[in-house]
Amino acid sequence: MTNVPTPLIELRDVSKRFGSHTAIDHLSMEVREGETVALLGQTGAGKSTVMSLLMGTSSADDGTVRVAGADPARDFVALRGKLAVSFQTDRLLPWRTAQENVELGLLLLNRPRAEARERAAQWLQRVKLGDAGHKYPAELSGGMRQRVSLARALAVDPALVLLDESFSQLDHVTSQTLRRDFAEIVREQRKTCVFVTHRIEDALEIADRILVLAAPARVCLELSVSAAQRQDAACMARMHQQIERAIGGDTDDPAEADPSSFTTTEH
Ligand SMILES: Nc1ncnc2c1ncn2[C@@H]1O[C@H](COP(=O)(O)OP(=O)(O)OP(=O)(O)O)[C@@H](O)[C@H]1O
Ligand SMILES: [Mg+2]
């Protein structure tokens with residue numbers, strides 16, 4: 001932790017309006033290389049809007065958005081292959097097998113067919129679906145489809161992984177396993193990752209830093225979580241409560257936070 005990594009994502013004074021509705025109001029945030037950041041907040045807080053700006057599927061009305069130095073809404077070419085996205089729905093192609101779905105991203109990046117086949121097989125194994133490569137999405141369970149989707153996103157070895165509530169529609173046990181696998185992969189591979197979740201536990205378990213957004217998307221609470229804190233049940237419980245309050249719109253809780261126990265910034 002000696003060198004300070006450069007920000008891979010930078011939002012500066014960003015605003016986004018839909019007609020007369022302001023979804024993002026002068027938001028600034030950074031995500032450093034190798035960092036995993038969780039976005040939390042009430043429904044309508046603007047989490048998905050922030051993700052769409054990062055993906056380049058919509059553009060800011062004011063301010064600047066930079067991903068790996070490029071403007072994602074304009075410079076698709078610079079970001080090609082650097083960014084992987086996984087959504088709530090798995091978005092697999094039903095006429096392609098699991099293996100072919102995972103290969104697709106690599107083939108679109110013009111990787112040789114043999115390499116695509118090999119890497120796809122490796123990634124299917126990594127998400128514990130080594131035996132299911134020949135199956136079509138309709139033959140897989142929801143959890144298995146999510147795994148294929150995750151394998152497809154990660155197989156291209158992206159610099160940045162964006163996830164919007166990918167695990168929320170699965171049953172508790174499956175989503176827990178998938179979450180653990182995901183956390184492990186992200187840490188092991190040192191990916192930079194931004195994920196949206198409604199589950200505070202997920203954020204505490206996976207993220208290095210947690211941002212709670214309040215409508216119109218502005219950061220109302222920022223928390224850093226270290227590995228040591230994750231082992232400390234009392235500290236986790238305090239953080240959980242603090243996040244819960246911030247999501248509920250109550251950011252004014254001086255009695256709650258013990259500033260010596262964790263890094264926290266309230267905005
Ligand atoms: N394409 C759009 N057109 C008009 N309004 C939109 C559009 N997309 C989002 N909004 C509005 O912007 C605000 C933020 O929406 P956003 O989808 O980012 O919220 P969210 O935090 O992702 O919510 P959820 O937790 O329910 O997914 C909401 O008030 C929403 O109605
Ligand atoms: Mg959303």
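Mentor: A polar contact here is a pair of N or O atoms within 3.5 Å. The model is predicted, so to speak of its local features takes pLDDT of at least 70, side-chain atom pairs count only at pLDDT 80 or more, and totals for chains, interfaces and linings use all residues. Residues are numbered from 1 along each chain as written, chains are lettered from A and ligands numbered from 1 in written order, and side-chain values use heavy atoms, without hydrogens and water.

Thr49 places a polar side-chain atom 2.5 Å from an oxygen atom of ligand 1. With Gly44 the backbone is used: one of its polar backbone atoms is 2.8 Å from an oxygen atom of ligand 1. These residues belong to the surroundings of ligand 1 (a heavy atom within 4 Å), which run through Gln42, Thr43, Gly44, Ala45, Gly46, Lys47, Ser48 and Thr49, with Phe18, His21, Ala23 and His198 besides.

As for the backbone elsewhere, most residues other than glycine have a negative phi, and most peptide bonds are trans. Asn110, not a glycine, has a positive phi of about 65°. Asn110 sits in the loop between α3 (98-108) and α4; helices are DSSP runs of H or I with at least four residues, strands runs of E with at least two. The peptide bond from Ala215 to Pro216 is cis, with omega near -15°, and Pro216 lies in the loop between β8 (209-214) and β9 (218-224).

Conventions: Polar contact = N/O pair within 3.5 Å; in protein donor to acceptor, adjacent residues only side chain to side chain.
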